Every structure is written in structure tokens, then in C-alpha cells.
Amino acid sequence: MVKGQQLEVLNALDVAKTQWYHFTAIVIAGMGFFTDAYDLFCISLLTKLLGRIYYDVPGASKPGALPINVSAAVSGVALCGTLAGQLFFGWLGDKMGRKKVYGITLVMMVAMSIASGLSFGSTAKSVMTTLCFFRFWLGFGVGGDYPLSATIMSEYANKKTRGSFIAAVFAMQGMGILAGGIVSLIVSSAFEAKFKPPPFKVNAVASLPSECDYIWRIVLMFGAIPAATTYYWRMQMPETARYTALVAKDAKQAASDMSKVLKVQIDAEEEKVDKIAKSERNQFGLFTKQFARQYGLRLLGTTSTWFLLDIAFYSQNLFQKDLFSSIGWIPPAADMNAIREVYMVARAQTLIALCGTVPGYWFTVAFIDVIGRWWIQMMGFFFMTVFMFAIAFPYKYWQQKENRIGFIIMYGLTFFFANFGPNATTFVVPAEVFPARLRSTCHGISAATGKAGAIIGAFGFVYASQEKDPAKRDHGYPAGIGKSKSLIVLGVINFLGMVCTLMVPESKGKSLEELAGEDREEVNLKRYVFPNCY
């Protein structure tokens with residue numbers, strides 16, 4: 001595609017005014033992402049309940065708790081499935097088309113959400129094993145939604161507001177986290193009102209009614225509802241014009257589909273599509289020297305920044321426990337019954353999501369096409385670095401009761417700038433800066449690398465953050481470097497995120513073809529590889 005010779009159908013999408021179909025696409029893609037977040041994050045609200053139900057020790061002074069290995073498996077197996085799904089469905093989206101694969105991931109999410117709630121077995125081990133099995137495949141389906149939602153939204157959007165549209169899809173992650181907390185609050189409130197169990201220290205047996213087993217199952221199965229409601233509309237969406245024209249090379253179908261969507265007459269331009277198909281720049285694959293030369297540095301940029309961000313983002317549980325206990329949001333476990341504990345954990349998580357997590361997402365939506373992706377990402381990493389260090393160095397000071405308000409503010413600001421920063425931009429940019437035939441694959445690779453960071457953040461730092469003093473350690477964990485030093489390491493990781501952001505191009509206001517270099521006959525490699533220097 002020679003510069004200035006963009007296909008009419010793609011140009012029509014780029015210059016289209018914001019229309020109803022844009023919002024329809026945001027809702028359809030966003031509800032998938034809403035479900036993704038709900039399914040991935042709601043398990044953290046239920047692990048304490050699972051410990052009480054399946055690992056209760058009669059006569060013990062404390063309620064039952066999941067063993068370390070079981071807790072790690074239940075919480076982390078979906079992340080492992082997500083990583084695998086991002087790679088597989090990202091690749092499949094470029095081979096079969098975005099729409100076809102989008103339907104597969106949705107069906108898998110609905111089926112596995114229901115199956116997770118129906119986990120069965122006659123022993124604690126068998127129930128946890130089946131739960132982990134179903135949650136792995138749930139994560140596999142969730143993983144496919146990452147590259148497909150981002151790619152579909154980027155290929156439908158106009159270039160003026162493309163960043164806001166993709167960010168709006170990602171912002172539904174915050175709404176999904178919030179919904180998980182709200183559903184848990186409603187279900188636990190209803191069960192407590194019905195059964196009115198006493199606290200554990202009053203009557204250990206009565207504090208755990210047998211009906212508690214329904215609570216976690218209902219919460220997990222609810223994740224199927226939002227995904228199922230959008231299946232019809234997801235299947236009614238036409239394939240994106242960029243896939244149809246540039247990858248499937250069906251000019252007539254692309255023009256026909258977008259004529260209906262945009263309600264304008266668009267010429268098929270079959271000769272142009274044939275010329276594009278025969279161009280050398282549209283022939284090379286992912287594992288070639290030409291790809292490495294033209295896109296290698298930016299792929300390194302998108303993967304490294306997402307990897308580093310997710311280490312920091314998913315390590316939130318390092319100081320969340322101290323925060324909740326210091327401000328009295330969660331009483332000691334023995335002071336609560338099993339249902340009340342679910343309610344208190346869900347309330348704390350919901351308040352954090354409402355005040356710190358959700359606003360950051362929507363600030364990104366509002367400003368990403370004004371400030372630009374690069375500056376938002378750089379700013380987010382900078383402030384995350386600042387606030388991590390501000391918490392880490394005087395950590396003992398923040399633990400004192402009279403300083404808890406400052407602790408809450410620091411904690412909230414760290415999350416705010418994660419979401420008004422790299423947590424959103426690392427999702428947006430990979431959907432914009434790679435060619436159409438490899439766009440979904442490269443986004444999947446970037447996202448999977450991020451999930452590898454999430455696994456390190458969620459589990460590696462749980463061990464690393466354990467104190468030297470056995471009295472201050474979580475039961476069963478070996479000694480680590482402590483919370484303060486762990487937070488210093490995380491601050492350094494955020495700083496490295498700033499450095500790696502230098503490899504990420506700014507994509508604000510440019511067409512996808514211009515960003516991928518598909519509108520050039522010859523490429524000035526120096527200018528192309530280091531776009532932020534010009």
C-alpha cells in the first residue's frame with residue numbers, strides 16, 4: 001500500500017465520526033473483558049471460605065485455611081491458563097479471523113464458569129483438583145479475549161478516538177473487579193440473614209453452616225451471565241474490514257460489510273487488494289529477519305513493559321493485608337463466622353476498587369487521545385516508582401495506627417497511577433503498532449509475557465515478602481527478604497518500566513497502516529524503529 005493509496009474502506013473507518021456502531025463494539029468487546037476480570041479476580045474473595053469449608057480442623061483455635069500449595073494452585077491456575085490462551089488464540093485470530101475465534105473464547109468462558117461452580121469430589125483434595133482443572137480452562141478462554149477484544153476494537157475504531165475506545169474496553173476490567181465484590185456482598189449478606197451463624201470463637205461448628213458451600217459456587221457461576229448475554233451480538237458483528245481486506249484478501253466482502261456498518265457506499269478496490277497481497281512487505285512472517293528488523297524493537301518494548309507492570313500490579317497483596325488490618329476493615333478470623341468473613345473481604349476489596357482502581361481506568365479513557373499513550377505510560381510508571389519507594393523506606397512508620405490515613409492514600413495513588421498509566425496503555429499499544437496479519441499474534445505474545453510477570457508478582461513476591469522473624473511470617477512460609485525490601489525491589493521494577501517505555505512508539509492520531517509501516521513502499525529504518533526520537 002503506497003503512502004496516500006490507502007484502501008477506501010480503511011480510510012472510511014479512519015475518518016468516520018463516532019457513531020452508534022462504535023459504542024456497540026465497545027459494549028460487546030467490553031462485556032467480554034468485564035467477564036474476564038470478574039472470573040480472574042473473584043477467586044481472591046473466596047479462598048478464605050474454601051479454607052474454612054474444606055480444611056477445617058475440629059477443635060483448632062483458628063478457622064481452617066488453605067495449605068500454601070493449594071492456595072497457590074487455586075489462585076494461580078487461571079493465570080497459567082490465561083497465558084496459554086493468549087498465545088494460542090492470539091495466533092488463531094490471525095489465522096481464522098477475529099470473529100470466529102471470538103465466539104469460541106466466549107463459549108469456553110461461559111461453560112467453564114458454570115463448571116467451576118459445579119466442582120465435585122468426595123474429599124477436599126478432589127474438589128480442589130476439579131476446581132483447578134476447570135479454572136485453568138476458564139483462564140484459557142479468558143486469555144483469548146485479551147488479543148481479540150483489543151484487535152477488534154482497534155480495527156473498528158477511527159484514528160482520532162481509537163485510544164479511548166480500546167481503553168474503554170479495558171476499563172471494563174475495573175467494572176468486572178467491582179462486580180465481583182458486589183455479587184459477593186449480596187450473596188453473603190443474603191446467606192447471613194437467612195442462617196445467622198455465630199462467630200467462630202463462640203461456636204466453631206455453628207459458625208460454618210453446611211449451606212456455605214453454595215456461596216462460592218454461586219459467585220463463580222455468576223460469571224457466565226454477562227458473557228452469555230452478549231453471545232448473540234458478538235456473533236452478529238461482521239469480521240473486521242482490516243482482516244477481511246488485508247489478511248483474507250476479500251475486497252468485496254470488506255466493502256460490503258463496512259458499507260452496511262457505516263451506511264455509505266464503498267468501492268471494493270479488488271486491484272488494490274491484489275497489489276497489497278503481492279507486496280513483499282506483506283509476505284514475511286513472525287520468525288523472520290525482516291520482522292525482527294522492522295518490528296522487533298517495538299515487540300520487545302510492548303512485552304517488557306507489560307511484564308514489568310504486571311509484576312508490580314499483581315503483587316498488591318504484599319501490603320493489602322497490613323492495610324486492611326491496620327484500619328480495622330477485616331477483624332481477626334476467629335471473631336467472624338465463615339459468611340461474615342466473605343462479606344468483610346468483599347467489602348474491603350470493593351472499596352479499594354471503587355476509590356483507587358476504577359477511577360484510574362476512566363482517566364485513561366478521557367485523556368489517552370489528548371496526552372498520548374507514551375506519556376501516560378511514562379507518567380504512570382514514574383508515579384508508581386515514587387509511591388512504592390515512599391511506602392517502602394518508612395514502612396514501619398506507615399504501620400503505626402496514627403499514620404494509617406497516609407498509608408491508605410499512598411496505596412490508593414499507587415493503584416490509580418497503575419490504571420491511569422501502564423496497566424491500560426500496555427493493553428492498547430500492541431493492538432495498534434503491528435501489521436494486520438500479525439496484530440492479534442503480537443498482542444497475544446505481549447499479553448502472555450505480562451501474565452508471566454503476573455505469576456511472578458502474585459506468587460514469587462508472596463514468598464519474598466515474608467519477614468525474617470517467624471512470629472511475623474504467614475503460617476507455613478519460609479523466611480524471605482521482608483515487605484520493605486520487596487517494595488524497594490518493586491520500585492526498581494517500575495523504574496525499569498520507564499526505561500523500557502523508550503522502546504514503545506507513540507500511536508496517537510495515526511492510522512493502523514501508517515503505524516505498522518503498511519502505507520510505505522520503502523521504510524527509513526532509523527526513523528521507523530526509533531519513532532519517539534523524531
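Lys-249 is found in the loop between helix H11 (241-247) and helix H12 (251-262), where helices are DSSP runs of H or I with at least four residues, numbered from the N terminus. The structure is a predicted model, in which local features need pLDDT of at least 70 and side-chain atom pairs count only at pLDDT 80 or more, while totals for chains, interfaces and linings use all residues. Residues are numbered from 1 along each chain as its sequence is written, and side-chain values use heavy atoms, with hydrogens and water left out. Lys-249 has a positive phi of about 60 degrees although it is not a glycine. Most residues other than glycine have a negative phi. With a relative accessible area of 39%, Lys-249 is partly exposed; buried means under 20% relative accessible area, exposed over 50%, and partly exposed in between (1.4 Å probe, protein chains only). A positive phi, of about 45 degrees, is also found at Lys-196, which is not a glycine. Lys-196 lies in the loop between helix H7 (162-195) and helix H8 (212-221) and is exposed, at a relative accessible area of 63%.

The chain has an average pLDDT of 87, and 92% of the residues score at least 70; pLDDT is the predictor's confidence in each residue, from 0 to 100. Over residues 521-531 the pLDDT is below 50, and this stretch has 20 contacts in the model beyond near neighbours in sequence. Contact means heavy atoms within 4.5 Å. Where pLDDT is low, the predicted coordinates should not be read in detail.

The largest nonpolar core holds 146 residues, of which Leu-50, Met-128, Trp-216 and Met-258 touch the most other members. Such a core is a set of buried Ala, Val, Leu, Ile, Met, Phe, Trp, Tyr and Cys residues joined through side-chain atoms within 4.5 Å. Helix H6 (residues 124-156) gives the largest share of this core, 15 residues. Neighbours within four places in sequence aside, Leu-50 is in contact with Ile-43, Tyr-55, Leu-66, Val-74, Met-128, Leu-131 and Trp-216.

Cys-132 is placed in helix H6 and is buried, with a relative accessible area of 14%. Beyond its neighbours within four places in sequence, Cys-132 is in contact with Ala-73, Val-74 and Val-77. The C-alpha atoms of Cys-132 and Thr-47 are separated by 12 Å, and the two residues are 85 residues apart along the chain.

The structure holds 39 aromatic pairs, counted when ring centres of Phe, Tyr and Trp (its six-membered ring) lie within 6.5 Å; planes under 30 degrees apart count as stacked, over 60 as edge-to-face and the rest as tilted. Tyr-146 and Phe-427 form an edge-to-face pair, 6.4 Å centre to centre with 75 degrees between the planes. Tyr-146 lies in helix H6 and Phe-427 in helix H20 (residues 422-428), so the pair ties together parts that are 281 residues apart in sequence. Both Tyr-146 and Phe-427 are buried. One aromatic cluster is formed by Phe-363, Phe-367, Phe-382, Phe-383, Phe-387, Phe-416, Phe-417 and Phe-420.

The charged end of Arg-234 sits over the ring of Tyr-102, 3.5 Å from its centre, and that of Arg-437 sits over the ring of Phe-284, 4.6 Å from its centre. The criterion is NZ of Lys or CZ of Arg within 6 Å of the ring centre and within 35 degrees of the ring normal.

Notes:
Helices (H or I, at least four residues) and strands (E, at least two) are DSSP runs, numbered from the N terminus.
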